[in-house]
Amino acid sequence: MEDAGFRTLTGYRQQDGHGMTEAMEDYLEMIYRAAHRGEGIRISDLAERLHVRPSSASRMVTKLADNGYLRYEKYGVIRLTEDGYTRGAYLLWRHGILNRFFCHINRTNSELTLVEQIEHFIDERTVQHLAQLLSQMELQQKATE
């Protein structure tokens, strides 16, 4: 049957195996951003940066800790585990590649809203290919300047 491979969005998420929701990715990316800059981040800071309530941030941090991405003690600084650091680095890299790509094709300086809306739905293989394509396009652009 031609339609046998189709799934719902939830079905595709379950199939991919990493088990992170889009919200979990957003939180982990923001925590990684702070850690990457050498900043400590607490629940209140995280909530402010993501424009959510501290209670929502606290629930998500607990989920991420339960999944092994970070360590957290109540009222303490959120710390990434090795898995959290690795996954967070990928999420930030993915964000950057997609932003560069969409800025290039839309001739803008920032495509934050677009990237935030679609970054969760593009697989790593595609992001790697976009990164290669961007590098080629940038080399061609420099050669013509």
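**Exercise 1. State in which helix Arg-94 is found, decide whether Arg-94 is buried or exposed, and name its salt-bridge partner.**

Solution. Begin with the position: Arg-94 is found in helix 5, where helices (H or I, at least four residues) and strands (E, at least two) are DSSP runs, numbered from the N terminus. The model is a predicted one, in which local features need pLDDT of at least 70 and side-chain atom pairs count only at pLDDT 80 or more, while totals for chains, interfaces and linings use all residues. Residues are numbered from 1 along each chain as its sequence is written, and side-chain values use heavy atoms, with hydrogens and water left out.

Next, consider accessibility. Buried means under 20% relative accessible area, exposed over 50%, and partly exposed in between (1.4 Å probe, protein chains only). Arg-94 has a relative accessible area of 2%, and therefore Arg-94 is buried.

Then look at the surroundings, where a contact means heavy atoms within 4.5 Å. Leaving aside neighbours within four places in sequence, Arg-94 is in contact with Glu-25, Glu-119, His-120, Ile-122 and Val-127.

Finally, examine charge. Side chains of opposite charge can pair when their charged atoms come close. A salt bridge is a side-chain nitrogen of Lys or Arg within 4 Å of a carboxyl oxygen of Asp or Glu, and Arg-94 forms one with Glu-25, the closest N and O atoms being 2.9 Å apart. Because Glu-25 lies in helix 2 and Arg-94 in helix 5, the pair ties together parts that are 69 residues apart in sequence. Both Glu-25 and Arg-94 are buried, and a network of salt bridges links Glu-25, Arg-87 and Arg-94.

**Exercise 2. Describe the salt bridge between Arg-33 and Glu-29 and the one between Arg-100 and Glu-138, saying where the residues of each pair lie.**

Solution. The whole structure holds 7 salt bridges. In one of them, the side chains of Arg-33 and Glu-29 meet at 2.8 Å, N to O; both residues lie in helix 2, 4 residues apart, which is about one turn of the helix. Glu-29 counts as buried at 4% relative accessibility, whereas Arg-33, with a relative accessible area of 21%, is partly exposed.

The side chains of Arg-100 and Glu-138 also meet in a salt bridge, at 2.9 Å from N to O. Arg-100 lies in helix 5 and Glu-138 in helix 7, so this pair ties together parts that are 38 residues apart in sequence. Arg-100 is partly exposed at 34% relative accessibility, and Glu-138 is partly exposed with a relative accessible area of 32%.

**Exercise 3. Work out which residues of helix 4 are buried, and explain why they are on the same side of the helix.**

Solution. First take the length: helix 4 has 13 residues and reaches 18 Å from its first C-alpha to its last, close to the 18 Å expected at 1.5 Å a residue, the expected span being 1.5 Å times one less than the number of residues.

Second, list the buried residues of helix 4, which are Ser-56, Ala-57, Met-60, Val-61 and Leu-64. They cover an arc of only 130° around the axis, which puts them on the same side of helix 4; the arc is that of the directions from the helix axis to the C-beta atoms. An α-helix has 3.6 residues a turn, so residues three or four places apart point the same way.

Third, compare the two faces: the buried residues pack against helix 2, helix 3 and strand 1 (70-71), while the face turned away from the buried side carries the exposed residues Arg-59 and Asp-66. Just after helix 4, Gly-68 takes a positive phi of about 85°.
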